[in-house]
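User: I have a structure to study and would like to go through it carefully with you. Could we take it step by step?

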Amino acid sequence: MDERELISKSKQGDRPAFRQLVEKYQDSVINMSYRFLRNKEEAEEAAQEVFLKVYLSRNTYQHQTKFSTWLFKIAVNYCLNKLRDRKKFPFSRLEEDLPAPAEFQPDKLLEQENLNRAIRKAIDSLPDQQRTVILLNQFEEFSYQEMARMLDCSLSAIESRLFRAKENLKRILAPFIKKDEI
Amino acid sequence: MKCKKVIKKLAIFLDGQAGEKDNEAISNHLKTCQCCGQEVKELTSLSFLLKQEKESVQASPYFWNKIEQAIIQAETNRNVLDTIWEWVNRTLIPVGATAVVVLGLFVGTNLGSVIYTNIAQILNQDNSSLAQQEINQSLNLNTLNDFPQESIGEIYTGLLAESNLPEQR
Ligand SMILES: [Zn+2]
């Protein structure tokens, strides 16, 4: 069954069809939620909430939009709201405690775990808008057009957010960036 | 295209999503500008670096089951709400509407009889000329007496007044 058929059947309340849609996208949604929330349990719960929302509002989905764009729009909004709640109630912060990138030395570059941590910390330090576009662009490979639709903004806004995000990341991750490599 | 604009457009250019015009202009610019060439190297290196972060989270074995349970719960709640709403529509709204009509009729009838009784009481009072004035004022009947002098209307009301006067006195 192709995606269109699965969506049509899900719209009619066919749960097994919806399950197939969930299984197709669950890892992407969990991983993106994890990149926002940095807590595995919270990321899984967020993904479950997102799929529930998707099922309950399935009749508002229109076929002109790519399903993944619609799904990730709901997921991104959910995660951004969660982050806003965390800022309001700082004690509910459950992020994993990561050391700051400055503590990493370039000579440890080969240690994959250290590198992972440095990258995560750098991304986490970005303002929400820049972080969102970096996650969608670098990890989910959404087009600029799709990101604009997803975030309800113009193409030039996406362009400038990505530009600023990449400039910031270059600055934070400077010790890891090879300046004369191509 | 100037360096400042090229640098701002480099991300979209490297992602292969710049428009045809921009693509050509940036490609031409990069052939001669070392400074922007350096920026390309750094951005490419950054993209490469970010892709190194491969940590991924797997869904737990009960991932779907929890979603399904939540769906069933939500649909049950929705059915209960639908039933309540249907009952409100079928029963409460018609009953409410009937009650409003009945209340309207009751208030209307009572209000009518109260006004009628008050006027009758005023008319039955001893100082009836005063009462007549009051009624005339409240109902704006005085305007009917303002006929031009010696017009038929004035003569007619005059005759009426004369025939009433002796009785009133
Ligand atoms: Zn240049």
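**A metal site and a helix pair**

User: Is B:C3 buried, partly exposed or exposed?
Analyst: This is a predicted model, and the values discussed here are computed from it. The relative accessible area of B:C3 is 31%. Because buried means under 20% and exposed means over 50%, B:C3 counts as partly exposed.

User: Which protein residues are the donors of the zinc ion?
Analyst: Along the chain, the donors of the zinc ion follow the spacing C-x25-H-x3-C-x2-C. They lie 2.1 to 2.3 Å from the zinc ion, and they are B:C3 (SG), B:H29 (NE2), B:C33 (SG) and B:C36 (SG).

User: Which parts does the pair B:C3 and B:H29 tie together?
Analyst: Both residues are donors of the zinc ion. The pair ties together parts that are 26 residues apart in sequence, because B:C3 lies in helix 1 (residues 3-14) of chain B and B:H29 in helix 2 (residues 20-32) of chain B.

User: What is the geometry of the site of the zinc ion?
Analyst: The angles among the four donor atoms are 102 to 117°. Since four donors count as tetrahedral if all angles lie between 85 and 135 degrees, the site of the zinc ion is tetrahedral.

User: How is helix 1 of chain A oriented to helix 2 of chain A?
Analyst: Helix 1 (residues 3-11) of chain A and helix 2 (residues 15-37) of chain A pack with their axes 8 Å apart, at an angle of about 130°. That angle makes helix 1 of chain A, relative to helix 2 of chain A, oblique.

Note on methods. Residues are numbered from 1 along each chain as its sequence is written. Chains are lettered from A and ligands numbered from 1 in the order in which they are written. This is a predicted model: local features need pLDDT of at least 70, side-chain atom pairs count only at pLDDT 80 or more; totals for chains, interfaces and linings use all residues. Side-chain values use heavy atoms; hydrogens and water are left out. Donors are N, O and S atoms within 2.8 Å of the metal (3.2 Å for Na, K and Ca); water is not among the atoms, so sites may look incomplete. Four donors count as tetrahedral if all angles lie between 85 and 135 degrees; four count as square planar and six as octahedral if opposite donors are over 155 degrees apart and all others between 65 and 115; anything else is irregular. Helices (H or I, at least four residues) and strands (E, at least two) are DSSP runs, numbered from the N terminus. Buried means under 20% relative accessible area, exposed over 50%, partly exposed in between (1.4 Å probe, protein chains only). Axes are lines fitted to C-alpha atoms, for helices over the stretch in contact, and angles run from 0 to 180 degrees between N-to-C directions. Angles under 35 degrees count as roughly parallel, over 145 as roughly antiparallel, 65 to 115 as roughly perpendicular and the rest as oblique.
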